[in-house]
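Here is a friendly walk through one protein model, written for someone who likes to know the cut-offs behind each term. Please keep the viewer open as you read.

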Amino acid sequence: MEDSVVIQAERIAGDFHLEQVKTSYQIIGKGITNQVCVVETESRKVVVRMNNKDTYPSYMKEKWCIEQAAAIGIPGPEVLSIGIVDETAYMIQAFVDGDNGSDSTVLKSDVWWQIGKYAKLIHSIPVKGYGENLIDPVHGEFHSPSHAGSDGSWQGYVQYNINSLTESDRLIELGVITQMKSQRVRKLFENLKKETFRFGLNHGDISLKNTIVNQENQVILLDWESAGVSVVPHGAVIQLMHYQILGLKEGPNIEEFKAFLDGYGISEEDLADMRHLLLLRAFDNLRWAIDRSPDLIESYAAFAKQVVDMIMD
């Protein structure tokens with residue numbers, strides 16, 4: 001399987017450059033959904049990211065995000081080409097020299113401080129709408145598909161999670177909440193509906209593994225696959241809280257999280273309200289697992305229970 005992936009990447013890069021391939025290899029362990037290879041031809045060294053053809057709109061979105069970020073001073077890999085060949089969607093990016101942020105010898109709190117600076121800049125990029133699908137690159141408009149119980153809007157997202165807090169709620173059966181806590185959660189979510197939030201572009205997966213630190217200690221931001229428009233700065237912060245609770249190595253420890261907040265310019269006093277959005281996200285993810293991915297129910301329920309205990313006890 002690995003050989004066929006590399007052969008496909010060689011073919012894509014070779015056809016693009018119209019040159020013979022000198023060397024190639026697959027990058028393992030840094031990406032979850034994409035197959036990623038490095039291919040070197042006579043004149044260039046590139047990264048080829050590949051997935052099934054249905055992910056082509058995601059590559060279009062990533063290209064748009066990388067270009068928008070570069071325009072405001074956030075370094076990223078140059079996108080040379082995107083397309084579809086043999087049922088495979090691909091993106092060719094210029095190779096970026098340096099160490100992955102997870103492996104770099106640069107002080108990780110310094111990297112996280114820079115990531116915080118980048119997050120604030122990202123949130124200033126002009127966008128419209130809500131959700132993860134880029135439907136109008138010219139105007140930077142994003143969209144979230146509707147589903148049973150939600151019209152795809154932010155208000156619909158919150159209301160869906162309010163309406164799901166019933167006496168026969170699976171979250172009660174799973175031990176995530178009690179009937180009494182369900183009523184308290186309902187009040188928290190009702191309050192979120194009344195708040196006036198600012199919406200902006202979020203990277204969606206800010207982490208050390210999605211950075212490269214070059215020889216000048218410049219931090220280069222990668223992988224915009226999960227980007228979308230949501231509440232800012234809350235979206236970026238609760239994503240990192242999520243990683244912390246799960247103990248993921250690409251997430252920040254306490255000192256690194258403070259460095260991120262400092263880089264962004266957020267005080268720790270601002271975090272209290274954001275935790276309510278973390279609870280909303282945890283519940284919504286669990287409900288998605290119940291409907292679409294039963295194998296994830298146990299782990300998502302355990303995480304949601306941790307968030308409930310952290311916020312409500």
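## Helices H9 and H10

The axes of H9 and helix H10 (residues 297-312) come within 9 Å of each other and cross at roughly 160°. Axes here are lines fitted to C-alpha atoms, for helices over the stretch in contact, with angles running from 0 to 180 degrees between N-to-C directions. H9 and H10 are therefore roughly antiparallel; angles under 35 degrees count as roughly parallel, over 145 as roughly antiparallel, 65 to 115 as roughly perpendicular and the rest as oblique. H9 passes H10 in a left-handed crossing, a term for the near helix being turned anticlockwise from the far one by less than a right angle, with clockwise counting as right-handed. Helices (H or I, at least four residues) and strands (E, at least two) are DSSP runs, numbered from the N terminus.

On the H9 side, the contact includes Leu279, Phe283, Leu286 and Trp288, and on the H10 side Tyr300, Phe303, Val307 and Ile311 are among the residues involved. Contact means heavy atoms within 4.5 Å. By class, the contact of H9 with H10 has 17 nonpolar, 2 polar and 1 charged residues. In this classification, Ala, Val, Leu, Ile, Met, Phe, Trp, Tyr, Cys and Pro count as nonpolar, Asp, Glu, Lys and Arg as charged, and the others, Gly among them, as polar.

## Ground rules

This is a predicted model, in which local features need pLDDT of at least 70 and side-chain atom pairs count only at pLDDT 80 or more, while totals for chains, interfaces and linings use all residues. Residues are numbered from 1 along each chain as its sequence is written, and side-chain values use heavy atoms, with hydrogens and water left out.

## Other helix pairs

How do helix H6 (residues 179-194) and helix H9 (residues 271-292) cross? Their axes come within 10 Å, at an angle of roughly 110°, which makes H6 roughly perpendicular to H9. H6 passes H9 in a left-handed crossing. The contact is made by Val185, Leu188, Phe189 and Leu192 of H6, together with His276, Leu277, Leu279, Leu280 and Phe283 of H9. By class, this contact of H6 with H9 has 8 nonpolar, 1 polar and no charged residues.

H10 also packs with H7, at an angle of about 105° and with the axes 11 Å apart. That makes H7 roughly perpendicular to H10. His242, Ile245 and Leu246 of H7 meet Phe303, Gln306, Val307 and Met310 of H10. The H7 contact with H10 has 5 nonpolar, 2 polar and no charged residues.

S4 is joined to strand S5 (residues 88-94) by 6 bridges, and the two run antiparallel. Valine 79 stands opposite glutamine 93 in S5.

## The three-stranded sheet

A further open sheet has 3 strands in the order S6-S11-S12, and its pairing is antiparallel. Strand S6 (99-100) and strand S12 (219-221) are at the edges with a single partner strand each, so one side of each is left without a neighbour in the sheet. S6 and strand S11 (residues 211-213) pair in the antiparallel sense over 2 bridges, and asparagine 100 stands opposite isoleucine 212 in S11. Helix H3 (residues 108-122) lies across S11 and S12, running at about 45° to S12.

## Backbone details in two loops

Which bond joins valine 232 and proline 233? The link is a cis peptide bond, with omega about 0°. Proline 233 is placed in the loop between strand S13 (228-232) and helix H7 (234-246).

Leucine 18 has phi near 55°, a positive value in a residue other than glycine. Leucine 18 is found in the loop between helix H1 (2-17) and S1.

How values were computed:
Pairing = 2+ DSSP bridges.
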